[in-house]
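Dear colleague,

Please find below the structure for your review, followed by an account of what was found in it.

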Amino acid sequence: MPMLDKETQGRLQPGDVLQLLRDGNERFRTGRSTKKYYLHQADAMAAGQHPMAVVVNCIDSRTSPEIIFDAGLGDLLTVRIAGNVINQEIIGSLEIAHKLGAKLIVVKGHSSCGAIGLALQNVDAHSIGTITGKIQPSIRHCQCGTHPAPSGKVLLEDVTRQNVENSLAEVLAGSAFLRGCIERGEMGLVGAYHDIASRTVEFGELVTPERFDRYRPLSNAA
């Protein structure tokens with residue numbers, strides 16, 4: 001995929017960017033990633049950047065968005081935090097991403113997530129609880145939803161997926177500015193799940209204004 005310039009960035013719609021990410025992941029998944037000329041890209045991007053998307057991603061070393069979406073230097077803004085949870089500083093970063101021209105927000109969880117595992121073990125020592133505490137509502141939601149309640153790897157995956165949904169809700173609840181951007185079609189918002197073993201990223205549906213009411217942050221109350 002060629003480098004994005006300002007004109008191309010301006011023409012892209014959220015759905016276009018989502019398809020570019022799907023295509024990039026397919027290249028990565030099938031071993032057809034494009035050759036990167038990073039020195040050339042660095043020189044070309046020295047005067048400015050024109051990113052197409054911003055990805056809220058876990059810190060897991062196996063999940064780098066630039067690699068799994070076969071993106072070039074300057075194509076993606078990435079916000080990395082354990083468990084891909086949302087706080088006000090991250091929301092501020094997403095608002096800045098809009099100022100930089102990004103057309104799509106992706107919140108991406110992944111298989112075998114260590115932060116989810118720690119939350120399931122109720123680990124909250126030191127500052128870890130600032131992360132695992134945000135995951136606890138998703139755990140309670142998954143454990144209360146079915147009988148018998150899931151456990152083991154099934155519960156881990158269920159919580160991971162629910163945690164992505166909750167993070168989407170946190171974005172919408174935390175920023176009237178971003179809600180307005182989505183309503184005007186200036187930005188899109190979508191959740192994703194990365195299966196590390198298969199190298200595949202599964203995207204949800206773009207969150208449209210008609211679906212805002214479906215997204216309410218899960219309560220942190222016990």
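In what follows, buried means under 20% relative accessible area and exposed over 50%, with partly exposed in between (1.4 Å probe, protein chains only). Helices (H or I, at least four residues) and strands (E, at least two) are DSSP runs, numbered from the N terminus. Please note that this is a predicted model, in which local features need pLDDT of at least 70 and side-chain atom pairs count only at pLDDT 80 or more, while totals for chains, interfaces and linings use all residues. Residues are numbered from 1 along each chain as its sequence is written, and side-chain values use heavy atoms, with hydrogens and water left out.

The sheet

Strand β3 is mostly covered, as seven of its seven residues are buried. This holds for both faces: Leu 104, Val 106, Lys 108 and His 110 are buried on one side, and Ile 105, Val 107 and Gly 109 on the other.

Strand β3 belongs to an open sheet of five strands with mixed pairing, in the order β2-β1-β3-β4-β5; two strands pair if DSSP finds at least two bridges between them. The edges are taken by β2 (76–80) and β5 (200–203); each has a single partner strand, so one side of each is left without a neighbour in the sheet. From one strand to the next, the twist averages 25°. Here and below, axes are lines fitted to C-alpha atoms, for helices over the stretch in contact, and angles run from 0 to 180 degrees between N-to-C directions.

On one side, β3 (residues 104–110) pairs with β1 (residues 53–57) in the parallel sense over five bridges, and Val 107 in β3 is the bridge partner of Val 56. Strands β3 and β4 also run parallel, joined by seven bridges; in β4, Val 107 has Gly 191 as its bridge partner.

Helix α2 (residues 14–29) lies across β1, β2, β3, β4 (188–195) and β5, and runs at about 155° to β5.

The nonpolar cores

In soluble globular proteins, nonpolar side chains tend to be buried together. A nonpolar core is taken here as a set of buried Ala, Val, Leu, Ile, Met, Phe, Trp, Tyr and Cys residues joined through side-chain atoms within 4.5 Å. The largest such core has 40 residues, and those with the most contacts inside it are Val 54, Leu 94, Ile 135 and Leu 189. At least two residues of this core come from each of β1, β2, α5 (88–99), β3, α6, α7, α8 and α9 (176–183). Helix α8 gives the most to this core, with eight residues. Apart from this core lies another, of 18 residues, among them Val 55, Ile 68, Val 106 and Ala 192.

Which residues does Ile 135 touch, not counting residues up to four places away in sequence? They are Gly 83, Val 85, Ala 115, Ile 116, Ala 119, Val 159 and Asn 163, where contact means heavy atoms within 4.5 Å. Asn 163 itself lies in helix α8 (residues 152–174) and counts as buried, at 2% relative accessibility. Leaving aside neighbours within four places in sequence, Asn 163 is in contact with Gly 83, Asn 84, Val 85, Ile 116, Lys 134, Ile 135 and Ser 138.

Aromatic rings

Rings of Phe, Tyr and Trp (its six-membered ring) pair if their centres lie within 6.5 Å; planes under 30 degrees apart count as stacked, over 60 as edge-to-face and the rest as tilted. By this rule the count is one aromatic pair. Phe 69 and Phe 203 form this stacked pair, at 5.9 Å centre to centre and with 25° between the planes. The pair links distant parts of the chain, 134 residues apart: Phe 69 is in the loop between α4 (65–68) and β2, and Phe 203 is in strand β5. Phe 69 is buried, with a relative accessible area of 1%, and Phe 203 also counts as buried, at 11%.

The charged end of Arg 161 sits over the ring of Tyr 193, 3.9 Å from its centre (NZ of Lys or CZ of Arg within 6 Å of the ring centre and within 35 degrees of the ring normal).

The loop between α6 and α7

Asn 122 is found in the loop between α6 (114–120) and α7 (129–145), and His 126 is also placed there. Phi is positive at Asn 122, near 60°, and at His 126, near 55°. Asn 122 is exposed, with a relative accessible area of 54%, and His 126 is exposed at 80%.
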